[in-house]
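These are my notes from working through the model, set down in the order in which I looked things up.

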Amino acid sequence: MRTDGSSVRSDGPAIVWLGQAGSTEPTLVGLKTAHLSDLAGAFPVPNGFCVTTVAYRTCRGSLAAHPGMAAAITDAYQRLAQSGAEVAVRSSAVDEDGDAASFAGQLTSTLNVEGSDAVIDAIETTWRSGASEAVMAYRRSHGLGTTPAPVAVLVQRQVRADSSGVAFSIDPVSGDHCHIVVNATWGLGESLVNGSIEPDRLVADKATLALVSEHLGAKERMTIPTTGGVHDVTTPSFLRARAALTSVQRAAVFTLARDLEVRHGRPVDVEFAFGPDGLSLLQCRPVTTDARRSQPRDHDLVSLDLDGSVDDTA
Amino acid sequence: MAEHSVAGERLPLPAGVPAPWLEQEDADHHWTRDRVHAPHQMTVLDYDFWTRFIDNGIGYASRLYSLSYHYRSRRFWTRYYYEETEDGDGDHGPSPILDTVANEFGDRWTEAWLPEIVTFTDYLFGLDLDAASDEELVTYLDGAVRRLRRAWEVHFESTFASGHVWQRYLTLFTELFEGTTDRDAAELLVGFPNKTTAAGHALWRLRDLAASVPDVVAAFRLPDDDVLAALTATPAAVEFLDSFRAYLHDYCRRPPYVTISEWSFAEEPRNVFSQLRDALNHPERDPEQHRTALARTRDEAIATARTALAHHPAPVREEFERVLALAQSAMRYKEDHAFYIDFQLTTAARRVPVEIGKRMAAAGVLEAADDVIHLSFDELRSTLTSTPWPDRRALVTDRKAELSFHASFEPPFEVGTKPPPDTRPVATPTRADHAAEPGVLRGTPASAGMGRGRARVVALLDEARDLRPGEVLVAPSTAQPWTPLFATAAGLVTETGGALSHAAIVAREYRLPAVTGVRNALSSLRTGMLIEVDGDAGTVRIIDEN
């Protein structure tokens, strides 16, 4: 599914729902949505709709002059909001989460958005981030060309996460293919993904899914939804001392990582969350770290470098 | 502990009185006078009561919970001094039993501890002492001692667990809501019914009844000594007198502080007269209205907290609800355990020595029945079991002389050998951190607001009857029986206690500006001075010395 900024579509729907026709077409919905939609039938992906690259090109960064498009987004949002008013508005560029580069954290996503006006604002923000200086610099350094790639936007039900984490179906540091490595913390996954806390670290044997090692992290802060976004708060000490995942939840995550690797036929990097409805799969992408070039390190002592997991810049 | 004599600082002894040491080794230890719970001189019977029951209860609970905590006491200069020590390297933490007990705190109190205490109280109030033979009296004395000993074990088993609950609640609250204090946390706990508020309501119902009968109102205009006679002589006061006796029975069978030597309020109801008079003069102080307002504030504070936590992970919300409910139980317990154990049970047990005193006086081995408070439990028992009864009059004379010798002497707050400064980090700044300002005393901010008025400096509850509306009450500490005074005062200053002491909690319930833990308040302030209490800053300012 390797694509680049030159992939352009000029026809197709402005909005498609996960699992529907067209929702796995990367040039229409971006790679993230295409991946998730492909998995939506078999895995617990939160429901949502995609504002496609067709809408992106029609509107050119603003919905103000396109009342019909804005109304269609509002309708879709209201349909989604029947199962909870808060949504996550996530970037899904056609070359984001690709094999060569993840764009992890480069494009803007907005969590816990409520109300159709706020959703429209968040969609416009994500569109504009595709042409930001930071993204242009990232593109240049990865040899991806300097034409901004079309940005689709995925609007998904916001998971009320009690705990969250990231699972790698290989050890991304040592490159060990026998292990599944999981980092987990309380609340939403942002504090973990942006590297500001020490998460719990779990290692499982990929063949048996048995726990190999566990290290309870300090989980100093946790990300909590707030009005129109998220913020970090200090984790209360009783919760810091407690593992973020129960043994049943751990087993579910190990299974998820293994099954996704089997399905893709290659190592994957999975973001997940546990909320009132149980496990949700938030993201799944190929492991972009080239472990063979990394120095093997004692992974009991280091946290995964999750925000800059691209190191093949040479 | 052994190092104290090597590295510690020997405190100077006051001039003009003999050194108080019972054994020479005492001088090597650090003794603090307990002005909170034992502000007065202690009789021999009281000190025996404290060591046998209270000190034993503390030791029992420390062992039960594997605390690295040691406690012992001495009677120096007729005052109660204690030493608390912790094992230097005993950082093993408390036993998991403490967590288990704390987790079921409210249920334990209502279903196990309190029923046990009530069986003791019922037994002791139910004894037919007049009809008892001397042999039976010995049995009753042994029965009282056994029950008191167990009751104070229950007292500290429950109190230590409630302390653990407090700690958990305050830690969680201040972690979850950054920038808040213990006082904010306490807002969520107030306004629930307990034995103290029940006493307040019962007094108010009595007040309403009194106000409806002009002859009763007239009787209360008479001097204390004439009130009861006037009421008894008034036919219209029959219903009031019945209710008054019921009130004494339900709420006044307790001493003014933890003592088995003093009359209970029910035996000496003049304190109740002054409370009723005050209530008659201030019909606007209906405690029910006050409690309703408090409950509203509390419910708002709880709702605000719940909203703030709405998006937190489920374990946080669950823990908050669990610990909040425990803390609310602990708040109720704080008032109720004192009512049942510290006060009511002591009054029930007091019946036995009082009866023994009567018989000893009748037999001529005591001058007066009241003198029984100068003998220990063992001396009472050995009197009853000896033939003939030994004459205790000379012994009592010596002990009374010892009390009067020390009566006007204000013993030091601490004696012995002060341990070297603790090198472990101290979490809270000490008072020495505040720059001294002339005319300003500092303590712990205990109840918010500014209160200005003339000081009423009182060492004993009896003197507090002189408190006039609008005056600031200045006291060593305030136990439960002081509470009705809070409705009259414009502010409160105590020498001991912190933000969670009894005085602080009740002052907040009364919206009474209060500063606790003001050292030397009684010696620095005089009745009649105009002072200003700042319950937010924790300061007491002298506005006018005259």
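I began with the contacts of chain A, in a model that is predicted: of those between residues at least 6 apart in sequence, 65% join residues at least 24 apart. I then looked up the secondary structure and the burial of the chain, and found eight helices and 13 strands in chain A, with buried residues making up 48% of its 314 residues.

Next I turned to helix H4 of chain A, residues 116-129, and checked its length: at 1.5 Å a residue its 14 residues should span 20 Å, and since the C-alpha atoms at its ends are 20 Å apart, the two values agree.

Which residues of H4(A) are buried? I listed A:Val119, A:Ile120, A:Ala122, A:Ile123, A:Thr126 and A:Trp127. They cover an arc of only 160° around the axis, and therefore lie on the same side of H4(A).

Last, I went to the contact between the chains, which takes eleven residues from chain A and twelve residues from chain B. On the side of chain A that touches chain B, strand E10 (221-226) and helix H7 (237-240) each supply at least two residues, and the largest share, three residues, comes from H7(A).

Conventions: Residues are numbered from 1 along each chain as its sequence is written. Chains are lettered from A and ligands numbered from 1 in the order in which they are written. This is a predicted model: local features need pLDDT of at least 70, side-chain atom pairs count only at pLDDT 80 or more; totals for chains, interfaces and linings use all residues. Two residues are in contact if their C-beta atoms, placed from the backbone, lie within 7 Å. Helices (H or I, at least four residues) and strands (E, at least two) are DSSP runs, numbered from the N terminus. The expected span of a helix is 1.5 Å times one less than its number of residues. A residue is buried if 20 or more other C-beta atoms lie within 10 Å of its own, exposed if 12 or fewer, and partly exposed in between; C-beta atoms are placed from the backbone. The arc is that of the directions from the helix axis to the C-beta atoms.
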